[in-house]
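Me: I have a model open on my screen. Please show me how to read it, feature by feature.

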Amino acid sequence: MSSTHTSSLRGIGPGSGATPPNPGPEDFRNRLSTADQEGRRKWLFPRKPHGRFHQARAWLSVVLLAIMFAGPFVRIHGNPLLLLNIVERKFVILGQIFWPQDMIIFAVALLVYITGIIVFTAAYGRLWCGWLCPQTVLMEMVFRKIEYLLEGDAHKQRALARSPWNAGKILRKGVKHALFFALSFVIGNTLLAYIIGTEQLFQIITDNPAKHLEGLGFMSLFTLVFYGIFARFREQACTFICPYGRLQSTLLDENSIVVAYDYNRGELRGRLSRNQTWDQRKAVGRGDCIDCKECVNVCPTGIDIRNGTQMECVHCTACIDACDDVMVRVSRPKGLIRYASLNGIEKSEPLRVTPRLAGYTVLLFALGGLLAFLLFSRSDVEATILRAQGTLFQKMPDGQFSNLYTIRVVNKTSREIPIELKLENVPGELQVMGKEIVVAPQKLAQTSVLIKLPTTVMKSGTTPLVVGVYANGRKLQTVKTGFIGPREDR
Ligand code: SF4
Ligand code: SF4
């Protein structure tokens, strides 16, 4: 079967033609690791990974999972940590509420975020995929671990899959899928909580189901989708669905840090003969790779990293750990598969901070800083002052002129805000009609304001006005408007 989609990234590495010839099988370009000759899905049984990188990832996953599941319940100033309510166009990021009025900031933040991802990938490869992506974390650190616990390591899983259905197999598979389904339900509800908030979610769970058919529908849909992904679809989600994975070919270059096989050191690969010393092996042109295929056996996407960087590689580091283990056992230095750039491998250099890497890292921090600035420098309120429709100026009995305005104030916080308005650039009077302005949390308040100016400060036609919007003595925003007066009065 053809797999042209996998070819783009497969140009980086020993099989690219631009680099030393790869003595391994070259047909990897024309087939998928997860499909047979007829194109049918080939189920993978990756070996249980262990080693220093896996250990580090496991600890990080504990932290990430805790954040992921606790996230919807965490409140900052009464607001959720993250809420992406697309239906109601309400977004909360790090406790900051974004309104439709904030769309420009949101768009800039999105651009900064996308640029950050591009720069991050160009410098650090798919570090995100292996260490931080929720799909990898949940698949490898939760679902796969349950599978290893119930069905054993790869060879036992393979044997169980081939064995006829009997009570034991039904029980194992039944318990596994029940657990997978229950976990998918929790994950689906967590996602729903990030979209509609925990309050609404609890209402759906505790209220009369007939009142929440839509919410229950999404709950079931998310559960089924996650169950499908983690129980069946698995690595295919990274290979076929994830746009980030597919973008790699355009983002990575020879200086990007990737999980790489050191072909200079490893080739020519070959089995380690009994009683053969490493010097003897070297003398006949053999490298450090003993072709044990441990790196392939542990790979959750079923690829052979010795063929070079490939789109399917999610940088899970399992092959690094597996190969390091083999190298220790055959008394060779670790790192035959390691984090490296293609240039580093070609020149046999250890990983170091290159000016490019340092530059990209500085740029990343700058972008992160800009994003943080955009998020935290927003005003708590968004006020607009427009002259009341259909009104002109009026001459008051005291000789001053007045204009009537409509003020709209959006409260972006989750607390009540009393608003005070002050004329900033000219002496005059600003009078709020009716009650003082108090804006309820996440609501909009609208009222009329009368501004009076003495003729001494008025300009011909329109006088520019600057109005300060204050709350509890703190200035929140400055709004500009115009004051209309008679021309002939100058
Ligand atoms: S684990 Fe290491 S030694 Fe074994 S096949 Fe892979 S690269 Fe070669
Ligand atoms: S090649 Fe190595 S790092 Fe890449 S997915 Fe396979 S095991 Fe993980």
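Me: How many residues of domain 1 are in contact with residues of domain 2?

Reply: First, the ground rules. This is a predicted model: local features need pLDDT of at least 70, side-chain atom pairs count only at pLDDT 80 or more, and totals for chains, interfaces and linings use all residues. Residues are numbered from 1 along each chain as its sequence is written, while chains are lettered from A and ligands numbered from 1 in the order in which they are written. Two residues are in contact if their C-beta atoms, placed from the backbone, lie within 7 Å. By that rule, 6 residues of domain 1 touch 7 residues of domain 2.

Me: Where do the domains run?

Reply: Domain bounds come from an automatic or database domain assignment. Here, that assignment gives domain 1 as 4–162 + 234–252 + 356–373, and domain 2 as 381–484. Their C-alpha centres lie 50 Å apart.

Me: Now a helix. What span should α1 have?

Reply: Helices (H or I, at least four residues) and strands (E, at least two) are DSSP runs, numbered from the N terminus. The expected span of a helix is 1.5 Å times one less than its number of residues. Helix α1 covers residues 52–70, 19 residues, so it should span 27 Å. Its end C-alpha atoms are 27 Å apart, which agrees.

Me: Which residues of α1 are buried?

Reply: A residue is buried if 20 or more other C-beta atoms lie within 10 Å of its own, exposed if 12 or fewer, and partly exposed in between; C-beta atoms are placed from the backbone. In α1, Phe53, His54, Arg57 and Ser61 are buried. Down the helix axis, these buried residues fall within an arc of 75° (taken from the directions from the axis to the C-beta atoms), so they line one face. An α-helix has 3.6 residues a turn, so residues three or four places apart point the same way. The face of α1 turned away from the buried side carries exposed residues, including Gln55, Trp59, Val63 and Ile67.

Me: What do the buried residues of α1 pack against?

Reply: They pack against α3 (127–131), α4 (134–151) and α14 (318–329). Look at α14 next. Its buried residues include Cys319, Ile320 and Val326. Their cover includes α1, β6 (258–261), α13 (294–297) and β7 (337–340). Just after α14, Ser331 takes a positive phi of about 60°.

Me: On to sheets. What is the strand order in the open sheet of 3 strands?

Reply: Strands of a sheet pair through backbone hydrogen bonds, either parallel or antiparallel. Two strands pair if DSSP finds at least two bridges between them. This sheet has the order β3-β4-β5, with antiparallel pairing. β3 (82–85) and β5 (96–98) stand at the edges with a single partner strand each, so one side of each lacks a neighbour in the sheet.

Me: How many bridges join β3 to β4?

Reply: There are 4 bridges. Leu82 has Ile93 in β4 as its bridge partner. β3 and β4 form a hairpin with 4 residues between them, and Arg89 in the turn has a positive phi of about 50°.

Me: Last one. Is Phe483 buried or exposed?

Reply: Phe483 counts as buried because it has 24 C-beta neighbours inside 10 Å. Phe483 sits in strand β16 (residues 474–484). Leaving aside neighbours within four places in sequence, its contacts include Asn403, Ile451 and Leu465.
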